[in-house]
Each structure stands twice: as C-alpha cells, then as structure tokens.
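Subject: Handover of a structure and notes on what was found

Dear colleague,

Please find below the structure that I am handing over to you. My notes on it follow.

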Amino acid sequence: MIDNIFDFIGGNHGQWKILKMEPIVGETLKQAPYLKIVKSSTVKSSEGVWSLKGLISNIRYTEKEEKEKLISIQADLGRPEATKAALIPIKKSEVWWTLAQDERRKIFEAQSNHTKTGLKYLPAIARKLYHCRDIGEPFDFITFFEYAPSDSEAFEELVYSLRKTEEWKYVDREIDIRLIRE
Ligand code: HEM
C-alpha cells in the first residue's frame, strides 16, 4: 500500500482556510477559499479548483551531521498551538536540473545556507517537503509549514532570507499560500 502520496486541493472544503495567495514568481493558481490535504494515490484528483500532488521522498542534500541536528530539534505537524500554516509550491529552472548533484548541493548549502538558516527557526516552524517533479506535476516541490501565531514574524523573516539566496535565482515559479486552521 502506497502511503506517502498526498493531494493538496484548493476548493470549497478543507482543514485550512486560505487567507492569502501571493504569486512570488510566475503564474499564480486560481483563488480558492479552503485547502484540503488528503492521503492519496497516483491517480490525478479532479476535485476542487486546483489540486497538486506530492510525495514524501528520501533526502538529497542533507549531510549526516545536519540530519542528526534536524531530527533532534524539529517538531511534527499537527501541534494544537500551530494554527497558522503556509503552502508554498515551487518549481526550479531547467538550468538547476541540468546541474550535477554536487553543484546543486554547493548552491543549496555552501552558497545559500538553506539548512543552516532553517535550523535557527526550529522547532517553532514545523516543516514537510513533498516532491512532484517526476510525476508530471506543474511544480517540482510542495513545501508546507505550520507555526503558532506568535511565530508569524519569525516565519516572514525566514522566507525573506531564503528568497534572497543564490538558490532562489533558480526558482521559476513560486506561490505563497497562507492558511489558518478551521
Ligand atoms: C529542502 C531544511 C524552510 C523550501 C530542504 C532540505 C532541508 C531543508 C534540510 C533538504 C532536503 C534534502 O536533503 O533533500 C529547511 C528548514 C527550514 C526550511 C530547517 C526551516 C523551517 C524552507 C522554506 C522554504 C523551503 C521556508 C520555502 C520558502 C525548500 C525546498 C526544498 C527544501 C523547495 C527542496 C530543494 C531541492 O531539492 O532543490 N529544506 N527548510 N524550505 N526546502 Fe527547506
């Protein structure tokens, strides 16, 4: 049984109310009032105004020491106090994907400090990364974050810092969807 695939459905129902949808780069998605997240399959969902599919995969760039640090401090999704969330689908450019693995890791961490910066915001921000490049989806990644209202400013600071990095020069499409738990 496949249990690592999820649908993110923008429509009239869902656990999350959509507060704001802001296209950061590239084409936006249609406005929708709610986001529903459900465990799914490889079959394309026809529900809602839009639906995105992503799967939980193995890590690509994280090194042993970073992995241990992440595991020791990260929080799970679903904390009752984490009533705010962000769904940020991201597509990277063809130039990014033609780079070799070591070149991508260099940009991701040595030049952009993605993990080093992110770690400063744990455990306040809970995160989940879904992959979708290889399953014919419009985005390469779906990123999802949950946090308490008191950590909203910290989350803004985090996305602001990441968007200024070398890594983000390879981001072709990004939509910042902010949510509140219903
Ligand atoms: C990937 C950490 C916040 C977008 C990763 C990876 C780590 C990480 C360790 C690499 C996974 C791997 O080895 O494959 C963190 C931490 C954060 C954070 C600790 C703090 C909350 C963010 C934010 C965004 C984001 C706010 C979006 C605005 C991504 C994307 C990838 C990624 C798109 C996939 C990159 C790729 O494979 O090319 N993150 N991250 N992250 N993260 Fe973050």
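Which residue in β3 does Trp16 stand opposite? Trp16 stands opposite Leu35.

Please note that this is a predicted model, in which local features need pLDDT of at least 70 and side-chain atom pairs count only at pLDDT 80 or more, while totals for chains, interfaces and linings use all residues. Residues are numbered from 1 along each chain as its sequence is written, and side-chain values use heavy atoms, with hydrogens and water left out.

Strands

Helices (H or I, at least four residues) and strands (E, at least two) are DSSP runs, numbered from the N terminus. Two strands are said to pair if DSSP finds at least two bridges between them. Strand β3 (residues 34–39) pairs with β1 in the antiparallel sense, over six bridges. In β3, Lys39 is the residue opposite Phe6. Strand β2 (residues 16–25) also pairs with β3 in the antiparallel sense, here over two bridges.

The loop between β1 and β2 holds Asn12. With a relative accessibility of 58%, Asn12 counts as exposed (buried means under 20% relative accessible area, exposed over 50%, partly exposed in between, with a 1.4 Å probe and protein chains only). The C-alpha atoms of Asn12 and Leu35 are separated by 7.9 Å, although these residues are 23 residues apart along the chain.

Aromatic rings

There are eight aromatic pairs in the structure. Rings of Phe, Tyr and Trp (its six-membered ring) pair if their centres lie within 6.5 Å; planes under 30 degrees apart count as stacked, over 60 as edge-to-face and the rest as tilted. One of the pairs is Phe8 with Tyr130: the ring centres are 4.9 Å apart and the planes are at 70°, so the pair is edge-to-face. This pair links distant parts of the chain, since Phe8 is in strand β1 (residues 5–11) and Tyr130 is in strand β6 (residues 126–131), 122 residues apart. Both Phe8 and Tyr130 are buried. Together with Phe6, these two residues form one aromatic cluster.

A tilted pair is formed by Phe145 and Phe155, at 5.4 Å centre to centre and with 45° between the planes. Because Phe145 lies in strand β7 (residues 141–147) and Phe155 in helix α5 (residues 152–163), the pair ties together parts that are ten residues apart in sequence. Phe145 counts as buried at 15% relative accessibility, and Phe155 is buried with a relative accessible area of 0%.

Backbone

Leu122 and Pro123 are joined by a cis peptide bond, with omega at about 0°. Pro123 is placed in the loop between α4 and β6. Asn113, found in the loop between α3 (101–111) and α4, has a phi near 55°, a positive value in a residue other than glycine. At 29% relative accessibility, Asn113 counts as partly exposed.

With kind regards
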